[in-house]
Amino acid sequence: MAKPAGAACNLDCRYCYYLHRAEASARRMPHEVLERFVRDALAAQRDMPEVRFAWQGGEPTLAGLDFFRDVVALQDRYAPSGMRVENALQTNATLIDREWAAFLAERRFLVGVSLDGPAHLHDPLRRDARGRASHARALRGWERLERAGVECNTLTVVHSLNWRRGVEVYRYLRRIGSRHMQFIPLVERLGDRGMLAAPPAVQPRADLAPWVAPADGFGRFLCEVFDEWLAKDVGHVFVQLIEERVAALAGLPARLCVFAADCARTPMLEADGSLFSCDHYAYPAWRLGSIVAAPLENLMRSARQDAFGRAKRDRLPERCLGCEHLAACCGGCPRHRFVPAACGAPENYLCPSYQLFFAHTAVPLAPFAAGLRADAQAAAQWCE
């Protein structure tokens with residue numbers, strides 16, 4: 001994941017974990033850093049048939065359209081013969097015009113658009129620096145992308161305003177044409193001077209931000225979404241967490257980092273070339289170095305990054321060890337492990353949500369999991 005414009009953003013969302021981080025800076029990635037990143041990333045994965053670059057922010061479109069023209073030109077130059085290179089762009093969509101939409105369609109970018117549901121659920125927490133609502137502008141951007149034929153999905157943050165409205169949010173997203181949906185829980189704590197708190201390893205004690213849903217709220221939201229999806233949209237709408245749940249029931253490894261057993265494969269590149277262990281751990285303690293000074297592959301394979309990845313499973317809360325759902329979530333994101341336990345390591349704030357969702361979906365999704373498992377076994381035999 002790369003931040004081509006750093007923390008620069010044309011919105012000032014109340015809950016943004018990146019924009020409100022004290023160390024975050026707003027600058028465009030220099031061409032030297034971009035070229036090294038593209039070259040080194042492709043070289044490090046030279047034997048892979050497909051490589052995907054993820055561009056996020058802040059707001060990555062602030063880097064400018066010419067920046068992304070350079071991106072694809074460098075990818076064309078450095079990609080080995082036969083390698084397929086894909087790009088994913090996460091945006092608030094408020095700056096998407098016809099020229100942007102045409103470029104993204106032509107170069108086959110996968111574009112994620114941040115929408116927290118209809119305007120009355122989206123606008124209170126997603127405003128610009130002047131306090132103006134953003135929903136109408138985001139929706140216009142979404143519609144331009146759709147008309148241009150860009151492959152799109154929606155990313156919805158689940159927070160204190162919308163966690164009780166799972167069906168309403170899902171139906172709204174379906175109505176505007178979203179067929180691929182991501183739902184992510186807002187779990188943030190407040191630190192000093194109004195900034196959001198650092199990860200528990202640095203700041204173990206902090207109050208929850210007022211926009212956070214109850215510990216079981218995300219699970220209740222997902223259960224509502226699941227029931228609506230199961231009744232009406234199987235095979236027509238794809239919900240990331242439902243896909244992940246099916247894979248877990250089939251015994252396949254997680255693709256989503258929060259459910260993976262190891263955290264070492266999801267680094268983040270800042271605009272200045274600094275590589276961090278994770279997007280949510282972009283603090284000095286987790287800076288691996290600069291790709292300007294050392295090859296990207298060396299930083300990724302460093303002992304520090306390996307230790308960061310292993311810490312997720314080596315420091316599991318005691319409650320996780322006997323949990324029937326451990327294989328499905330692997331303890332969740334370490335950043336969410338701050339709830340004091342009677343003994344041992346702190347527990348994950350989202351544990352009640354995960355348990356609720358996993359239990360609710362296990363039986364209905366069993367046939368889907370059986371089919372996926374059979375497909376995976378057949379594919380493995382064919383490869384042999």
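Helix α10 covers residues 303-314, and at 1.5 Å a residue its twelve residues should span 16 Å; the end C-alpha atoms lie 15 Å apart, which agrees. The expected span is 1.5 Å times one less than the number of residues. Helices (H or I, at least four residues) and strands (E, at least two) are DSSP runs, numbered from the N terminus.

This is a predicted model, where local features need pLDDT of at least 70 and side-chain atom pairs count only at pLDDT 80 or more, while totals for chains, interfaces and linings use all residues. Residues are numbered from 1 along each chain as its sequence is written, and side-chain values use heavy atoms, with hydrogens and water left out.

Gln 305, Phe 308, Gly 309, Ala 311 and Lys 312 are the buried residues of α10 (under 20% relative accessible area, with exposed over 50%, 1.4 Å probe, protein chains only). They cover an arc of only 145° around the axis, which puts them on the same side of α10; the arc is that of the directions from the helix axis to the C-beta atoms. On the other side, Ala 303 and Asp 314 are exposed.

| Partner of α10 | Residues |
|---|---|
| β11 | 287-290 |
| α9 | 296-300 |
| α12 | 326-329 |
| β12 | 337-339 |

Now to another feature: what gives the most to the lining of the second largest pocket? That is β2, with four residues. By residue class, the lining divides into nine nonpolar, three polar and seven charged (Ala, Val, Leu, Ile, Met, Phe, Trp, Tyr, Cys and Pro count as nonpolar, Asp, Glu, Lys and Arg as charged, the others, Gly among them, as polar).

Methods:
Contact = heavy atoms within 4.5 Å.
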